[in-house]
Amino acid sequence: MELFREEDIKMYFYENRLKTFEGWPFDEDCSCTPENMAKAGFIHTPSDNCPDIAMCFFCLKELEGWEPQDDPEKEHKSHSPSCQFIALKKKVDELTVEEFLKLQKERQKFIINKSCNESITKFEEAAKLRRADIIKTAMGEE
Ligand SMILES: [Zn+2]
């Protein structure tokens, strides 16, 4: 296994996160500027309906509905208290290899958790539809 694949570690770096904030609706005279968002670990992940979704690259927590006076670091800590990235006392480039790998291991847990939860939701939705079909059939509607 390769330990440092570029796409895995890219978002650990502020500059790369900052680049994602193109078109971010809060720019001046506010706390949640692209710079502060990127500093707090967020990347910009807009959808068609929500231009202001941001996600922590590490714990994958998504937050939307930002207000100009919101402090990205505070919001991050309060919505995702178990995120080790926002709790980090050192800069990423000051970490030892061992510290970095430990961190990366924790990040993998968040990734696995999220994808499991998504699969469960998908499965439950499919099961719900199937159940409705069965009931319809049983009631002789089809
Ligand atoms: Zn986080």
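Analyst: Let's start with Gly-140, which comes just after α5 and takes a positive phi of about 75°. Bear in mind throughout that this is a predicted model.

Now back up into the helix itself. Helix α5 covers residues 97-138. Does its length fit what you'd expect of a helix, or does it fall out of line? At 1.5 Å a residue, its 42 residues should span 62 Å, and the end C-alpha atoms are 61 Å apart, which agrees. Glu-106 is one of the residues in α5, and it counts as partly exposed because it has 15 C-beta neighbours inside 10 Å; a residue needs 20 or more to be called buried. Glu-106 and Glu-35 are 71 residues apart along the chain, and their C-alpha atoms are separated by 25 Å.

That helix belongs to a chain with five helices and three strands, and the order along the sequence is α-α-α-β-β-β-α-α. The radius of gyration is 20 Å, well over the 14 Å that the globule rule gives for 142 residues, so the chain is more spread out than a compact globule. The C-alpha trace spans about 65 × 45 × 25 Å along its principal axes, and 20% of the 142 residues count as buried.

Phe-42 makes a handy landmark: leaving aside neighbours within four places in sequence, it is in contact with Arg-17, Met-37, Ala-54, Met-55, Cys-56 and Pro-72.

Next, the strands. They make an open sheet in the order β1-β2-β3, with antiparallel pairing. β1 and β3 (62-63) are the edge strands, each pairing on one side only. Between β2 and β3 there are two bridges, and Met-55 stands opposite Glu-62 in β3. The loop between β2 and β3 holds Leu-60, whose phi is near 65°, a positive value in a residue other than glycine. Most residues other than glycine have a negative phi. Leu-60 has 16 C-beta neighbours inside 10 Å, so it counts as partly exposed.

Asp-29 is exposed, with 8 other C-beta atoms within 10 Å.

Finally, helix α4 (residues 72-79) has Pro-72, Glu-75 and His-76 as its buried residues. They cover an arc of only 100° around the axis, which puts them on the same side of α4. What covers them includes α3, β1, β2 and β3, and Pro-72 is one of the contacts of Phe-42. On the face turned away from the buried side, α4 carries the exposed residues Lys-74 and Ser-78.

Notes:
Residues are numbered from 1 along each chain as its sequence is written. This is a predicted model: local features need pLDDT of at least 70, side-chain atom pairs count only at pLDDT 80 or more; totals for chains, interfaces and linings use all residues. Helices (H or I, at least four residues) and strands (E, at least two) are DSSP runs, numbered from the N terminus. The radius of gyration is taken over C-alpha atoms; the globule rule is 2.2 Å times the number of residues to the power 0.38. A residue is buried if 20 or more other C-beta atoms lie within 10 Å of its own, exposed if 12 or fewer, and partly exposed in between; C-beta atoms are placed from the backbone. Two residues are in contact if their C-beta atoms, placed from the backbone, lie within 7 Å. The expected span of a helix is 1.5 Å times one less than its number of residues. Two strands pair if DSSP finds at least two bridges between them. The arc is that of the directions from the helix axis to the C-beta atoms.
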